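Please look over the sequence and the 3D structure shown below before reading on. The report that follows takes up a few features in turn.

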Amino acid sequence: MAQPEIRDNAEAARRARFGTLPQRIRLEDTVEEQPAIAPDPAKDTYNADEWLTRNCL
């Protein structure tokens, strides 16, 4: 008769651990907000003299 008691204890432990769903997480809590930085105007500028210096000398 020890078998049903072990089954009941295992079932009770399983239900205590997995018997309910976790709390819902709001969408606002899952998104990390960071301020945008201004684009660097000198980052993508083209300079013909610099291109010639790199590729032709």
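Predicted model: local features only at pLDDT ≥ 70, side-chain atom pairs only at ≥ 80, totals over all residues.

With a relative accessible area of 58%, R15 is exposed, because a residue counts as exposed over 50%. E11, in contrast, has a relative accessible area of 29% and is partly exposed.

## The second salt bridge

The structure holds two salt bridges, and the other one joins D29 to R26, with 3.1 Å between the closest N and O atoms. Both of these residues, D29 and R26, are exposed.

## A nonpolar patch on the surface

Y46, W51 and L52 form a nonpolar patch on the surface, and together they have about 380 Å² of accessible area. Of these residues, Y46 is found in the loop between helix 1 (2–18) and helix 2 (48–56), and Y46 counts as exposed because its relative accessibility is 65%.

## The protein as a whole

The protein has two helices and zero strands, and of its 57 residues, 0% are buried. Its accessible surface comes to about 6600 Å², and carbon and sulfur atoms account for 54% of that surface.

Notes. Residues numbered from 1 in each chain as written. Heavy atoms only, no water. Patch = residues over 30% accessible without salt bridge, like charges linked within 9 Å, V, L, I, M, F, W, Y side chains within 5 Å. Areas by Shrake-Rupley, 256 points an atom, 1.4 Å probe, with all protein chains shown as cover. Salt bridge = Lys/Arg side-chain N within 4 Å of Asp/Glu carboxyl O. Helix = DSSP H or I, 4+ residues; strand = E, 2+ residues; numbered from the N terminus. Buried < 20%, exposed > 50% of the residue type's maximum accessible area, 1.4 Å probe, protein only.
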